[in-house]
Amino acid sequence: MNKIFYLLSIISLFTITSCSDYLDQQSPDQLTSGNFWRNKADAESALAATYSQLEAAVDEWAFAEVKWPVEAYREDICDLGSDALNYQSWVELSTFTYTNGNPQFATYWRLNYRGISNANQVIDKLPQVPAAALNDADRAQIEAEARFLRAYYHMKLLLNWDQIYVRKKYITKESDLSIPLSTRAEAWDFITSELKAAAAVLPAKQSTDKTGRATSGAANSYLGFAYLTRAYEETAQKQAFLNESLTALNKVQGYDLVKDYVSMFDGTSKNTRESIFELQFTETTANGAFYRNALHYWMAAAELGGWDEILPSTVLINEFKKEGKTATTGNYDTRFYSTIFFKDPYFNDPNNPLVLGTTYDDKFGDTDKPVFRKFIPSTQEKMNQEFTAINVPLMRYSNVLLMQAEVLNELGRTPEAISYINKVRNRADMPAMTGTTASAVKAQIEHERILEFPLENYRFYDLRRWGKTKTALDAAGRTGFDAAKNNFYPIPLTELQAN
């Protein structure tokens, strides 16, 4: 594990001072943006500051309190837990009663733009590093990673706001702040061009000391996702964008599905052969390091010792039960047991793998309360820790497979799509899908994506891509949703006041 990912945003703390008073002199040993860029170590540290903004993972306690309320509370497959009801800004996200003053998505906006600023500084300042101190190959890779991250942060913003500011340069003076909002087409053009440039340079696999850093597989996966999303937005060019998506996704090679699904989310395995891009945490505490968080408390129900902030909805439970106990194991879809802890003979059989070392009835008694198992530690001992270090997979190979299936189906190549779906189903011990028509395949893809990605927060983007946000949320009893107002968040009030 390389500590580069967990360094504080030191670059953003640099200041440039000037004063006509001869007594006000800058200390010769003080780092500034003007004297920092000396060698490879400096460039890597700057890149670390860019990675540090990923998914708002900047505070061990508040980590989950930005990403999941902003992304997951509006999904039809998630409900607020009992404690979440105490936080008005969270409730507003779930009921779609928020205003542009909501602090949760304002923080989300700010942290993503901070990541963009850090990336821009790396790209802008990298040429200052002397050639003798940084070889061409390392320089090219650092720049490519910065461009990948710049694209990633812009894409996170564009997925949540209808229009954003595309920031292509490092801001050094106030006048640089005043730029117009970009159209979605302009923003997508920038994002896809950056991902293509990064993919052409990044390695297929990073060395062990760079585990978790962006690869060509990550760049092509997100490039495929960007083009797939755009294909539904700009229907006049849908075919062209679908072909671009497929080209990118087909380049994602060297990955495979992990049979033990739950191990990717409970801390027992990290950076598996299925993981394409993953947020890194570690228990390492050497030299005062602290790379952990309280995600397990945020995800866990009260009965499991958590804070009861998020629960699976009835929609999700019913979707998992839709096909009945038709798995080759004689149970429901294996992903059900890996994602949800619920009242079922499987979880009351001590011969089966237990959740936190106990059965469902031991924890819940006669109560029938399905709760999330995903992101819950593998043992009670780890659950009792104040902080844990479970990695968060951001892009998995199963997502690439299901996106390939969707693209192929939309291109009229339906028979080819079925094998990709069945590969994902096979991992879940489910039989091959039935049906061969385009509509049947589309319905199956929608079903598989619900079951495959709970708490990975793709559901809302999927619904919006398919034009089904209003229908799905109404069906879940979330009738406060208005697609015209709530398909995207409003630009935060803090941004309007500052810009």
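Buried means under 20% relative accessible area, exposed over 50%, and partly exposed in between, with a 1.4 Å probe and protein chains only. By that rule, T414, A417, I418, I421, N422, V424, R425 and R427 are the buried residues of helix α15 (residues 414-427). Helices (H or I, at least four residues) and strands (E, at least two) are DSSP runs, numbered from the N terminus.

This is a predicted model: local features need pLDDT of at least 70, side-chain atom pairs count only at pLDDT 80 or more, and totals for chains, interfaces and linings use all residues. Residues are numbered from 1 along each chain as its sequence is written, and side-chain values use heavy atoms, with hydrogens and water left out.

**Helix α15**

- The buried residues of α15 pack against α11 (334-339), β6 (392-396), α14 (397-410) and α16 (438-452). Contact here means heavy atoms within 4.5 Å.

- Helix α3 (residues 88-95) packs on helix α4 (residues 103-125) at an angle of about 90°, and the axes are 8 Å apart. That makes α3 roughly perpendicular to α4.
- Axes are lines fitted to C-alpha atoms, for helices over the stretch in contact, and angles run from 0 to 180 degrees between N-to-C directions. Angles under 35 degrees count as roughly parallel, over 145 as roughly antiparallel, 65 to 115 as roughly perpendicular and the rest as oblique.
- On the α3 side, S89, W90 and L93 meet P103, Q104 and F105 of α4. The residues of this contact divide into four nonpolar, two polar and no charged.
- For that count, Ala, Val, Leu, Ile, Met, Phe, Trp, Tyr, Cys and Pro are nonpolar, Asp, Glu, Lys and Arg are charged, and the others, Gly among them, are polar.

- F96 follows α3 and has a positive phi, near 65°. F96 sits in the loop between α3 and α4. At 6% relative accessibility, F96 counts as buried.
- A56 also belongs to a loop, the one between α1 (40-51) and α2 (64-71). Its phi is near 60°, a positive value in a residue other than glycine. A56 is buried, with a relative accessible area of 9%.

**Aromatic pairs**

- Rings of Phe, Tyr and Trp (its six-membered ring) pair if their centres lie within 6.5 Å; planes under 30 degrees apart count as stacked, over 60 as edge-to-face and the rest as tilted.
- By this rule there are 50 aromatic pairs. One of them is W109 with Y113, a tilted pair at 4.9 Å centre to centre and 55° between the planes.
- W109 and Y113 both lie in helix α4, four residues apart, about one turn of the helix. Both are buried.
- Ring pairs also link a cluster: F320, Y332, F336, Y337, F341, F342, Y346, F347, Y360 and F364.

**Two buried asparagines**

- A polar contact is a pair of N or O atoms within 3.5 Å; within protein, one must be able to donate a hydrogen and the other to accept it, and residues adjacent in sequence count only if both atoms are side-chain atoms.
- N391 is in the loop between α13 (380-383) and β6. At 2% relative accessibility, N391 counts as buried.
- The N391 side chain makes a polar contact with the side chain of Q280 (3.4 Å).
- Not counting residues up to four places away in sequence, N391 touches M264, K270, N271, E278, L279, Q280, F281 and F375.
- N486 lies in helix α19 (residues 483-486). At 3% relative accessibility, N486 counts as buried.
- The side chain of N486 makes a polar contact with the side chain of Y98 (3.1 Å). Leaving aside neighbours within four places in sequence, N486 is in contact with F96, Y98, F460, G480 and F481.
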